[in-house]
Amino acid sequence: MAYDHRIITVDDSSTMRRIIKNTLIKIGFSNILEAGNGIEALEVLAQNNVDLIITDWNMPEMDGLTFVKTLRAKDQYKEIPILMVTTEAAKEDILTALKSGVNNYVVKPFTPDILQEKVFKLLGL
């Protein structure tokens, strides 16, 4: 099945972006944008509408939490679902991310099935 949703994956690791992108392609998504940190992602989002944001927490220049807080402070981005994919696995970290505006959370390493489950849930599929 093919899906026409546009998704942006934000991670400073090109390898992790490729893993996420390839997983999304296998699921059926083909419209995938990429950014290496929060600042780059804001530039991409200024020129593209997206249906879902998948972001890392630990990134240079603008980390994932600052990126999420920046998005949630702007009316045009308040309703876009955000999935955080990170190595930060402590319960306090998850609560911090959720309070910052993240809609769901995946701890690395993850399986393709877990990513698919979270993406489908956030997109209402």
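Me: Where is P109 found in this predicted model?
Reply: Happy to start there, and do keep in mind that the model is predicted. The peptide bond from K108 to P109 is cis, with omega near -5°. As for its place, P109 sits in the loop between β5 (104-107) and α5.

Me: And E61, which has a positive phi: is E61 buried or exposed?
Reply: The phi of E61 is about 70°, although E61 is not a glycine. E61 belongs to the loop between β3 (52-55) and α3. Over 50% relative accessible area counts as exposed. E61 has 68%, so E61 is exposed.

Me: How are helix α2 and helix α3 oriented to each other, parallel or perpendicular?
Reply: Two packed helices are described by the angle between their axes and the distance between the axes. Here, the axes of α2 (residues 38-47) and α3 (residues 64-72) come within 9 Å and cross at roughly 30°. Angles under 35 degrees count as roughly parallel. Therefore α2 and α3 are roughly parallel.

Me: How many nonpolar residues does the contact of α2 with α3 have?
Reply: From α2, the contact uses G38, A41, L42 and L45, while α3 brings F67, T70 and L71. Sorted by class, the contact has no charged residues and 2 polar ones, and the nonpolar residues number 5.

Me: How many charged residues are in the contact of α3 with α4?
Reply: On the α3 side we find L65, V68, K69 and R72, and they meet T96, A97 and S100 in α4. Divided by class, the contact has 3 nonpolar residues and 2 polar ones, and the charged residues number 2.

Me: Which element gives the largest share of the largest nonpolar core?
Reply: The largest nonpolar core has 23 residues, and those with the most contacts inside it are I8, V10, L45, I53, F67, L71 and M84. Two or more residues each come from β1 (3-10), β2 (29-35), α2, α3 and β4 (82-86). The largest share is 4 residues, and the element giving it is α3.

Me: What kind of aromatic pair do F29 and F120 form?
Reply: A pair of aromatic rings is described by the distance of the centres and the angle of the planes. For F29 and F120, the centres are 6.3 Å apart and the planes are at 70°. Planes over 60 degrees apart count as edge-to-face. The pair of F29 and F120 is therefore edge-to-face.

Me: How many residues apart in sequence are the parts that this pair ties together?
Reply: Both F29 and F120 are buried. Ring pairs also link Y3, F29 and F120 into a cluster. F29 lies in strand β2 and F120 in helix α5 (residues 112-123), so the pair joins parts whose separation in sequence is 91 residues.

Me: Is K118 buried or exposed?
Reply: K118 is part of helix α5. Leaving out residues up to four places away in sequence, K118 touches L83, N104, Y105 and V106. Buried means under 20% relative accessible area. K118 has 18%, so K118 is buried.

Me: How far apart in space are K118 and L83?
Reply: L83 is one of the residues that K118 touches. Along the sequence, K118 and L83 are 35 residues apart. In space, the C-alpha to C-alpha distance is 7.7 Å.

Me: One more: is Q76 buried or exposed?
Reply: Q76 is in the loop between α3 and β4. Q76 lies 28 residues from N48 in sequence and 12 Å from N48 in space, C-alpha to C-alpha. The cut-off for exposed is over 50%. With 54% relative accessibility, Q76 counts as exposed.

Note on methods:
Residues are numbered from 1 along each chain as its sequence is written. This is a predicted model: local features need pLDDT of at least 70, side-chain atom pairs count only at pLDDT 80 or more; totals for chains, interfaces and linings use all residues. Side-chain values use heavy atoms; hydrogens and water are left out. Axes are lines fitted to C-alpha atoms, for helices over the stretch in contact, and angles run from 0 to 180 degrees between N-to-C directions. Angles under 35 degrees count as roughly parallel, over 145 as roughly antiparallel, 65 to 115 as roughly perpendicular and the rest as oblique. Contact means heavy atoms within 4.5 Å. Ala, Val, Leu, Ile, Met, Phe, Trp, Tyr, Cys and Pro count as nonpolar, Asp, Glu, Lys and Arg as charged, and the others, Gly among them, as polar. A nonpolar core is a set of buried Ala, Val, Leu, Ile, Met, Phe, Trp, Tyr and Cys residues joined through side-chain atoms within 4.5 Å. Buried means under 20% relative accessible area, exposed over 50%, partly exposed in between (1.4 Å probe, protein chains only). Rings of Phe, Tyr and Trp (its six-membered ring) pair if their centres lie within 6.5 Å; planes under 30 degrees apart count as stacked, over 60 as edge-to-face and the rest as tilted.
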